[in-house]
Amino acid sequence: MPTANSRHSDQQSVYRPDLFLENIAFPFGEGLGQPLESGTPPSEAKLIKSFALSRSEAEVHIYKSGGDASPIYTGYLKGKNSEWKLGNLTNFNENQAWINPMNFLTGDVSGASIEIPFGKIGAKNGLVIYHHKTDSWKIIDFQGHTAIPMDLDNDGVPEWVGNQTDWVPPAVEIHRWVAENDRFESTVIQWDSSLFPNEAKEEVFYSSLFLEEGKHFIEIGNKDGYAFFTFDHGFLKQYKPVDTRSRVLEMQMARQHH
């Protein structure tokens, strides 16, 4: 892995759109899910929050146990004939917004986005997906990374995006709903030779998301140069902003001067 200093000195300085393909079907795979354990709340626990998923018999419950001095909050997922433990909800505040419906899901699937930390690995937020026919759940916890909803391709359906600027090198992580597969699929724009024409370069490169004047675009580069792309339904499409300076290089220079 390059160090911060070498990366700063020899990378990300030349705008070279010719190094990259114009239109790239970037590979997505099924998002990793958090395993669930079946379980029911203890008898002394008190149900304090309940959220019904649209078009289904599924609900997300929060139970409180222990005294008011040191309460323990635990999430449960209740399906048609099943109940699963979502896990501890650390630092839960009974007055905060904690869940939002995902109304773009249709057919056999309902779901919601959990806006608070939960579970064993300490997920910062996540998605709960319920399949009606199989009475089963899929939990996406973004592997503990931060991911926020934004509609990258303006189709009315959000992607959950982790713009991981602290990684070395920085990378953009995208989780998108693929309706034909009835599932969320994810990718990290970091290691893949499909970005480059003619030759398979198994080379590390960086990616970083920017929003300027209402437009999302991704800067992607390696030691030879960089280009800009927009994201459109799983495709990366080259985009040329009026100003083609490297935003990533600027970001890193600003950090070094702090």
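Biologist: How many helices and how many strands are there in the protein chain?

Modeller: The model is a predicted one, and the assignment is computed from its atoms. In the protein chain, the helices number two and the strands number 19.

Biologist: What percentage of the residues in the protein chain is buried?

Modeller: A residue is counted as buried under 20% relative accessible area. The protein chain has 258 residues, and the buried share of them is 48%.

Biologist: What share of the accessible surface of the protein chain belongs to carbon and sulfur atoms?

Modeller: The accessible surface amounts to about 12,800 Å². Of that area, the part belonging to carbon and sulfur atoms is 49%.

Biologist: In what order do the strands of the open sheet of five strands lie?

Modeller: The pairing in this sheet is antiparallel. Strand 3 and strand 4 (46-52) each pair on one side only, which makes them the edge strands. Read across the sheet, the order is 3-7-6-5-4.

Biologist: Why is strand 6 described as largely enclosed by the rest of the structure?

Modeller: Strand 6 covers residues 72-78, seven residues in total. It is largely enclosed because the number of its residues that are buried is five.

Biologist: Which residue of strand 6 is the bridge partner of I62?

Modeller: Strand 5 (residues 59-65) runs antiparallel to strand 6, and seven bridges connect the two. Their hairpin has six residues between the strands, and G66 adopts a positive phi near 80° there. The partner of I62 in strand 6 is G75.

Biologist: Which residue stands opposite S38 in strand 7?

Modeller: Strand 3 and strand 7 run antiparallel and are joined by two bridges. The residue of strand 7 that faces S38 is W84.

Biologist: How far from E219 is the nearest side chain of opposite charge?

Modeller: E219 belongs to strand 17 (residues 215-222). E219 is buried and has no salt bridge, the criterion being a nitrogen to oxygen distance within 4 Å. The nearest side chain of opposite charge is that of R247, at a distance of 5.7 Å.

Biologist: Which side chain makes a polar contact with the side chain of E219?

Modeller: Beyond four places in sequence, the contacts of E219 include Y206, F210, Y226 and R247. A polar atom of the E219 side chain also lies 3.1 Å from the backbone nitrogen of V248. The side-chain polar contact has a distance of 2.7 Å, and the partner is S246.

Biologist: Is K120 buried or exposed?

Modeller: K120 meets E37 in a salt bridge, at 3.3 Å from N to O. E37 is in strand 3 (residues 37-38) and K120 in the loop between strand 9 (109-114) and strand 10 (126-131), so the pair ties together parts 83 residues apart in sequence. E37 is partly exposed at 38% relative accessibility. At 77% relative accessibility, K120 is exposed.

Biologist: Is K64 buried or exposed?

Modeller: K64 forms a salt bridge with D68, and their closest N and O atoms are 2.9 Å apart. D68 has 66% relative accessibility and counts as exposed. The relative accessible area of K64 is 17%, so K64 counts as buried.

Notes. Residues are numbered from 1 along each chain as its sequence is written. This is a predicted model: local features need pLDDT of at least 70, side-chain atom pairs count only at pLDDT 80 or more; totals for chains, interfaces and linings use all residues. Side-chain values use heavy atoms; hydrogens and water are left out. Helices (H or I, at least four residues) and strands (E, at least two) are DSSP runs, numbered from the N terminus. Buried means under 20% relative accessible area, exposed over 50%, partly exposed in between (1.4 Å probe, protein chains only). Accessible areas come from the Shrake-Rupley method with a 1.4 Å probe; for residues, only the protein chains shown count as cover. Two strands pair if DSSP finds at least two bridges between them. Lys and Arg count as positive and Asp and Glu as negative; His and the chain ends are not counted. A polar contact is a pair of N or O atoms within 3.5 Å; within protein, one must be able to donate a hydrogen and the other to accept it, and residues adjacent in sequence count only if both atoms are side-chain atoms. Contact means heavy atoms within 4.5 Å.
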